[in-house]
Amino acid sequence: MRSINIGLTEEQRQGVINLLNHDLADAYVLLVKTKKYHWDVVGPQFRTLHEMWGEQYETLTENIDSIAERVRALGGYPIGTMQGFLEITTLKENPENLPLATQMVESLVEDHEQIIRNLREHIDNCSEDFHDEGTADFLTGLMEGHEEMAWMLRSFIEGESISSDEQKLQSRQKVAAGV
């Protein structure tokens with residue numbers, strides 16, 4: 001294979017590729033969680049959340065493809081397995097339960113905010129450690145997208161108590177049980 005001569009050393013490119021693969025893993029886990037919540041949400045907010053999460057997972061899918069292509073453009077190979085993603089992601093799955101709608105929103109806000117913090121660090125690393133302003137700019141665009149998605153989600157639950165769904169559920173269970 002022809003060597004890559006884009007003004008970055010092999011070590012610089014590999015450092016950036018490693019950062020991008022971490023971002024890819026986080027994006028993929030967030031995609032899966034967003035898709036799962038899109039499928040499983042119920043209640044009076046169903047339509048609004050179902051549609052918003054549909055839009056968000058489409059954006060996340062495009063981001064994932066862009067991250068993987070950036071890895072390839074730098075001469076690397078993107079992680080492409082769930083095992084690989086789960087080994088390096090900074091996000092947590094919650095397979096043991098099906099949260100209520102507002103808890104789903106809160107969980108996704110936390111994930112987007114974690115990704116934003118990671119991207120800020122990776123942007124600095126790309127610029128300062130690896131001198132790759134192109135990838136720093138690319139990651140800045142991704143970060144801005146996550147900031148917007150987090151804002152949309154936060155706006156949905158602003159002023160609401162996360163426990164309100166749980167209280168409603170307990171109230172419905174008491175009524176159903178004749179209590």
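The largest nonpolar core of this predicted model comprises 43 residues, and those with the most contacts inside it are Leu20, Leu49, Trp53, Val105, Leu139 and Leu153. Such a core is a set of buried Ala, Val, Leu, Ile, Met, Phe, Trp, Tyr and Cys residues joined through side-chain atoms within 4.5 Å. At least two residues of this core come from each of helix 1, helix 2 (46-73), helix 4 and helix 5 (133-157). Helix 1 gives the most, with 11 residues. In soluble globular proteins, nonpolar side chains tend to be buried together.

**Basis of the values**

- Residues are numbered from 1 along each chain as its sequence is written, and side-chain values use heavy atoms, with hydrogens and water left out.
- Because the model is predicted, local features need pLDDT of at least 70 and side-chain atom pairs count only at pLDDT 80 or more, while totals for chains, interfaces and linings use all residues.

**Overall organisation**

- The chain contains 6 helices and 0 strands; helices (H or I, at least four residues) and strands (E, at least two) are DSSP runs, numbered from the N terminus.
- Along the sequence, the pattern reads α-α-α-α-α-α.
- Of the 179 residues in the chain, 41% are buried, where buried means under 20% relative accessible area, exposed over 50%, and partly exposed in between (1.4 Å probe, protein chains only).
- Among contacts in the chain with a separation of 6 or more, 81% are between residues 24 or more positions apart; contact means heavy atoms within 4.5 Å.

**Packing of helix 4 and helix 5**

- The axes of helix 4 and helix 5 come within 8 Å and cross at roughly 160°; axes are lines fitted to C-alpha atoms, for helices over the stretch in contact, and angles run from 0 to 180 degrees between N-to-C directions.
- Helix 4 and helix 5 are therefore roughly antiparallel to each other (angles under 35 degrees count as roughly parallel, over 145 as roughly antiparallel, 65 to 115 as roughly perpendicular and the rest as oblique).
- The contact of helix 4 with helix 5 has 17 nonpolar, 7 polar and 6 charged residues; Ala, Val, Leu, Ile, Met, Phe, Trp, Tyr, Cys and Pro count as nonpolar, Asp, Glu, Lys and Arg as charged, and the others, Gly among them, as polar.
- Leu139, one of the core residues with the most contacts, is in contact with Leu20, Asp23, Leu119, His122, Ile123 and Cys126, leaving aside neighbours within four places in sequence.

- Leu19 lies in helix 1 (residues 10-40) and is buried, with a relative accessible area of 12%.
- Leu19 touches His122, Asn125, Cys126 and Phe130, not counting residues up to four places away in sequence.
- The C-alpha atoms of Leu19 and Asn125 are separated by 8.6 Å, although these residues are 106 residues apart along the chain.
- Asn63, in helix 2, counts as buried at 15% relative accessibility.
- With neighbours within four places in sequence left aside, Asn63 contacts Leu142, His146 and Met149.
- Asp111, in helix 4 (residues 101-129), counts as buried at 7% relative accessibility.
- Residues up to four places away in sequence not being counted, Asp111 touches Leu30, Lys33 and Leu91.

- Gln83 is found in helix 3 (residues 82-88) and is exposed, with a relative accessible area of 58%.
- Gln83 and Ala25 are 58 residues apart in sequence, and their C-alpha atoms are 9.8 Å apart in space.
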